[in-house]
Amino acid sequence: MKLVQTQYRDLLAHTPDAILIVNATGHIILTNSRAEGLFGYPREALLGQAVEMLLPPHARELHLAHRGQFLEQPRGRSMGVGLELYGQRRDGEEVPVEISLSPLSTGEGPMVMCAVRDITERQETRRRTNQMFRALLECAPMPWWSWTRRDASSWPIRKRCRCSDGSGKNCWGSRWRC
């Protein structure tokens with residue numbers, strides 16, 4: 001374990017993501033300071049613990065199965081593509097994350113490097129953008145529909161706009177009021 005820690009410590013110290021190196025039994029053997037900050041645990045509290053401690057309780061059992069499958073066919077990949085993934089902080093708060101996995105071959109056996117990125121800010125930006133887009137469409141002079149990738153649902157714009165003369169006729173080129 002000392003060899004792995006020495007070999008990767010400098011690399012991990014300078015990465016922008018939270019990094020966990022996990023052995024074949026699922027125990028954390030190395031972390032960086034970003035992981036400590038993201039999850040709220042000091043390094044000493046993470047080392048030797050099962051990586052599942054950083055997951056919400058409802059995801060832990062399924063993760064055990066997925067971890068086993070990954071070790072059978074290890075390859076670099078993003079985890080949970082198309083799914084919303086969450087980590088769990090020490091205080092119990094769930095945080096939305098993206099996770100990339102990379103297999104490592106070491107003298108101490110196979111290991112997995114997990115790069116974890118907090119996407120809270122990205123999700124908040126997306127939420128605000130969607131709010132502004134909906135507000136803009138509410139005042140559009142014609143009906144619009146929008147589909148989201150996540151659930152493929154549509155939402156019609158409820159506000160009706162009329163020609164300024166109130167006729168409701170086809171008013172292309174005319175002034176509109178909402």
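Me: Which residues is Leu 20 in contact with, leaving aside its neighbours within four places in sequence?

Reply: Contact here means heavy atoms within 4.5 Å. In this predicted model, the partners of Leu 20 include Ile 28, Leu 30, Thr 31, Ala 35 and Phe 39. Val 51 and Leu 54 are on the list too.

Me: What is the largest nonpolar core, and how many residues has it?

Reply: Start with the general idea. In soluble globular proteins, nonpolar side chains tend to be buried together. Here the largest nonpolar core has 22 residues. Leu 20 is among those with the most contacts inside it.

Me: How many helices and strands does the protein chain have?

Reply: Five helices and eight strands. Read along the sequence, the pattern is α-β-β-α-α-α-β-β-β-β-α-β-β.

Me: What share of the residues in the protein chain is buried?

Reply: Buried means under 20% relative accessible area. By that cut-off, 33% of the 178 residues are buried. The accessible surface of the chain comes to about 12000 Å². Carbon and sulfur atoms hold 53% of that surface.

Me: What share of the contacts with a separation of 6 or more joins residues 24 or more positions apart?

Reply: In the protein chain, that share is 38%.

Terms used. Residues are numbered from 1 along each chain as its sequence is written. This is a predicted model: local features need pLDDT of at least 70, side-chain atom pairs count only at pLDDT 80 or more; totals for chains, interfaces and linings use all residues. Side-chain values use heavy atoms; hydrogens and water are left out. A nonpolar core is a set of buried Ala, Val, Leu, Ile, Met, Phe, Trp, Tyr and Cys residues joined through side-chain atoms within 4.5 Å. Buried means under 20% relative accessible area, exposed over 50%, partly exposed in between (1.4 Å probe, protein chains only). Helices (H or I, at least four residues) and strands (E, at least two) are DSSP runs, numbered from the N terminus. Accessible areas come from the Shrake-Rupley method with a 1.4 Å probe; for residues, only the protein chains shown count as cover.
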